[in-house]
Every structure is written in C-alpha cells, then in structure tokens.
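Subject: Structure handover

Hello,

Here is the structure I promised to send over. Please open it alongside this email. My notes follow below.

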Amino acid sequence: MTHSVRRIGRTLAFVLPVVMVLSGTLAVTAVPWAASNSDSQLLAASARSVSDADAAAKPRAPQDVLRDRLVQELRAKDPGVALTHLQRAVEGRPSLAKHCMSIAKTLGKAAVDKYGPTRAHRFSRPVCDTSFASGVAQFS
C-alpha cells in the first residue's frame, strides 16, 4: 500500500510542474497585451510607448534608401543617370534584384512628374525588365 502511494506521489511530483508550466505558457500567449486602438504595448516587465520618434530611429531597408537616393538623383540630373546607378546597384548587391522593378517604376513616376510623359519615355532602357517604361506608362 505505501509503495503505491509513493509511486502516485512521484508521478504527481513529475507531471504537475509540467502541466502548470504548459498551462501558464498557454495562458500568457492568449492574453492581448495591447489594445488595437492604443499605441502603447505592455511587455513582460515594462511598458513602452511607441511614437513617431521610435519609428524614425529604426534603420531603413536598403531598397528604401536606394529608392530615395535614385529619385533625388533623377530630380537633380536625369533618369538615364539614375537608371544606370540602379543597374549597377543591383549588380553589386544581388539581394536588391527583387526590388528592382518597384524602384524602376518609382523612377518612371518621378520622370513623368519632372519631364512629362512624352519626354520621360525617351529615357527608357531595358533595366529591370523595362519596368521604368511601365512606370512611365502607368503614371502618364
């Protein structure tokens, strides 16, 4: 009799903490830590307010930096120079290739804004599957 009581006690001593840890973990994951309409988020040990300053302090993605730099270059010089630099940037960093089409379309829009649709088409070349020409046509 005492042997079976000890066996049950040992089993409960092993199983109970495991069950408590798992149920506690599941309970914590089900709690909505921050309301959807609030811009503050409660973390495990502290509360931190998310503001525009925090968002501006985060590093920007390389494709966003490249896009902004090329648009500024297009406005200062011409679309041909910006397209050449886009092609060189993609050749230098192949990870930017998946963003090349969207960057070229943005350059097409900027060219239409600066030169108008007719003159912007003159700068078209086969960079990123002619996405520049597609951007010019889309925003004409």
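In which hand does α3 pass α4 at their crossing? The crossing is right-handed. Please keep in mind that this is a predicted model.

**Helices α3 and α4**

Helix α3 covers residues 62-76, and helix α4 covers residues 79-92. Their axes come within 8 Å. They cross at roughly 155°. Angles over 145 degrees count as roughly antiparallel, and α3 and α4 are therefore roughly antiparallel to each other.

The α3 side of the contact consists of Leu-66, Leu-70, Glu-73 and Leu-74. From α4 come Pro-79, Val-81, Ala-82, His-85, Leu-86 and Ala-89. By type, the residues of this α3 and α4 contact are eight nonpolar, one polar and one charged.

**Gln-63**

Is Gln-63 buried or exposed? Its relative accessible area is 17%, so Gln-63 counts as buried. Leaving aside neighbours within four places in sequence, Gln-63 is in contact with Leu-96, His-99 and Ile-103.

**Helices α5 and α7**

Next comes another helix pair. Helix α5 spans residues 100-115, and helix α7 spans residues 131-138. They pack at an angle of about 45°. Their axes are 7 Å apart. That angle makes α5 oblique to α7. The crossing of α5 and α7 is right-handed.

Which residues make the contact between α5 and α7? On α5 they are Met-101, Ala-104, Lys-105, Leu-107, Gly-108, Lys-109, Ala-111 and Val-112. On α7 they are Ser-131, Phe-132, Ser-134, Gly-135, Val-136 and Gln-138. The residues of the α5 and α7 contact divide into seven nonpolar, five polar and two charged.

**The aromatic pair**

How many aromatic pairs does the structure hold? It holds one. The partners are Tyr-115 and Phe-123. Their ring centres are 5.2 Å apart. The planes stand at 40° to each other, and the pair is tilted. Tyr-115 and Phe-123 are both buried.

**To look at on screen**

- The α3 and α4 pair, with its right-handed crossing.
- Gln-63 with its contacts Leu-96, His-99 and Ile-103.
- The α5 and α7 pair, packed at about 45°.
- The tilted pair of Tyr-115 and Phe-123.

Best wishes

Key. Residues numbered from 1 in each chain as written. Predicted model: local features only at pLDDT ≥ 70, side-chain atom pairs only at ≥ 80, totals over all residues. Heavy atoms only, no water. Axes fitted to C-alpha atoms, helices over the stretch in contact; angles between N-to-C directions. Helix = DSSP H or I, 4+ residues; strand = E, 2+ residues; numbered from the N terminus. Parallel < 35°, antiparallel > 145°, perpendicular 65-115°, else oblique. Left-handed = near helix turned anticlockwise from the far one by under 90°. Contact = heavy atoms within 4.5 Å. Nonpolar A, V, L, I, M, F, W, Y, C, P; charged D, E, K, R; others polar. Phe/Tyr/Trp six-rings, centres within 6.5 Å; stacked < 30°, edge-to-face > 60°. Buried < 20%, exposed > 50% of the residue type's maximum accessible area, 1.4 Å probe, protein only.
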